[in-house]
Amino acid sequence: MPIRPLLLTPLMFHVHRVLTASPNRLGSGVKYSAKHTDQTLDVYGMRPSAGVGTREAPALVAIHGGGWIGGSSFFFGGMVLVHKLVARGWVVVVPEYKRGFCQWPSQLECCRDALSWTRQHAKRYGVDPGRLHVLGQSAGGHMAALLAIEEATAEGKGDAIKPPLKAILLYYPVLDIVLETGHGEGVRWWCGKGKALLRWYFECLVMQQAPRQGGGGESELTRWSPTHQLEAHLAETKGRNTTLPPILMVTCDSDSAVPPGPALRFASLLCSTTPDEGDERGHHAGRCGQSSLLVNSFEDGLAVQVFEVPGTEHGFDIATHATTHQVSDAVVAWLHTKTKNYEESELSNW
């Protein structure tokens, strides 16, 4: 990763926190995992006015990035989006998860538990469990994608998690950790054997396993690679009825940390699927869209929509600026197409 973004990151964090005060919290420091009891989450939303009955709002579980071993909900880059969704009556859940050099997959287990907790406590926070969405940024996008594929695979095997996810949002996500070439070519002397930097990083620092020679660790890596898991899922279903919810991906055309190539390949896999007429979500399969305009430049019923944000670097939305608001507005508009039955008139009660 270039030095310039690393030097700017602390300043961006500071500017981000100054300009984005926390929206209203319905819960703070809530423990959510029976296994990882030290982890907590915050719940953001609007409290009902006096005399108003129980609502059923759409909800978003937002998973922050940080390279699996760092990051924090305190520095979550999606707070501008959270503000905009809360103002429209949404409930947003932002969990912490295991950080530091802990043994993978503790991070993923935490995110899975946070999703389960949200389903279980939907009524308490006025959430419609049938309108549950997941957002992940960078490493959080990697885990959000894995969870979505995991649930889709379970549904395909008759072990469906109910109700299913409504949609997935992936911001500059890590979707392929098996790449041997590509990003990282210039650091062969560090990674050894020509391994891509991202693969070396995940294998050595996240999984805490020494790089294996001769491909001995390939199966373990593909297990945690969303692209390879999606390929396996599509192979099982013969490219039909993926059971995956619609996916929106936000990529950065100048991303020096996670180039958008693997994300576009992930999207192309979804675009190659065919619908199953017996599945109510089948109309999403096999259709995709890509745009860099970000102003209502999408249509409903797509398997995957890609927003490529011009002139942006990885984690651009950590800082609050015009592009962050523009992208957030486009994401809100996209989400609105997935929750059309949530009338904005309900906001008058909050």
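Residues are numbered from 1 along each chain as its sequence is written, and side-chain values rest on heavy atoms, with hydrogens and water left out. Because the model is predicted, local features require a pLDDT of at least 70 and side-chain atom pairs are counted only at pLDDT 80 or more, whereas totals for chains, interfaces and linings use all residues.

The chain averages a pLDDT (the predictor's confidence in each residue, from 0 to 100) of 79, and 71% of the residues score at least 70. Over residues 275-286 the pLDDT is below 50, and this stretch has 25 contacts (heavy atoms within 4.5 Å) in the model beyond near neighbours in sequence. The pLDDT is also below 50 over residues 293-297, a stretch with 11 contacts beyond near neighbours in sequence.

The secondary structure comprises 10 helices and 9 strands, taken as DSSP runs (helices H or I, at least four residues; strands E, at least two) and numbered from the N terminus. Of the 350 residues of the chain, 55% count as buried, where buried means under 20% relative accessible area, exposed over 50% and partly exposed in between, with a 1.4 Å probe and protein chains only. The chain exposes about 14,700 Å², of which carbon and sulfur atoms supply 54%; accessible areas come from the Shrake-Rupley method with a 1.4 Å probe, and for residues only the protein chains shown count as cover. Among contacts between residues at least 6 apart in sequence, 73% join residues at least 24 apart.

A nonpolar core is here a set of buried Ala, Val, Leu, Ile, Met, Phe, Trp, Tyr and Cys residues joined through side-chain atoms within 4.5 Å. In the largest such core, of 63 residues, W104, F202 and M249 touch the most other members, and helix 4 (residues 139-156) gives the most to this core, with 9 residues. Apart from it lies another core, of 30 residues, which includes L60, A167, F307 and V332. Residues up to four places away in sequence being set aside, M249 touches L170, P173, L175, A263, F266, A267, V304, Q305, V306 and F307.

Helix 6 (residues 197-206) is largely enclosed by the rest of the structure, because 7 of its 10 residues are buried, namely L197, R199, W200, F202, E203, C204 and V206. Helix 6 is followed by Q208, whose phi is positive, near 55°. In helix 8 (residues 226-236), the buried residues are P226, T227, L230, H233 and L234. These cover an arc of only 120° around the axis, which puts them on the same side of helix 8, the arc being that of the directions from the helix axis to the C-beta atoms. The face turned away from this buried side carries the exposed residues A235 and E236.

Two loop residues were also examined. D176, in the loop between strand 6 (167-171) and helix 5 (188-191), counts as buried at 7% relative accessibility, and a polar atom of its side chain lies 3.0 Å from the backbone nitrogen of V178. Leaving aside neighbours within four places in sequence, D176 is in contact with L198, S225, T227, H228, P262 and R265. G70, in the loop between strand 3 (57-63) and helix 2 (79-87), is buried with a relative accessible area of 19%. The C-alpha atoms of G70 and F101, 31 residues apart along the chain, are separated by 8.8 Å.

How values were computed:
A polar contact is a pair of N or O atoms within 3.5 Å; within protein, one must be able to donate a hydrogen and the other to accept it, and residues adjacent in sequence count only if both atoms are side-chain atoms.
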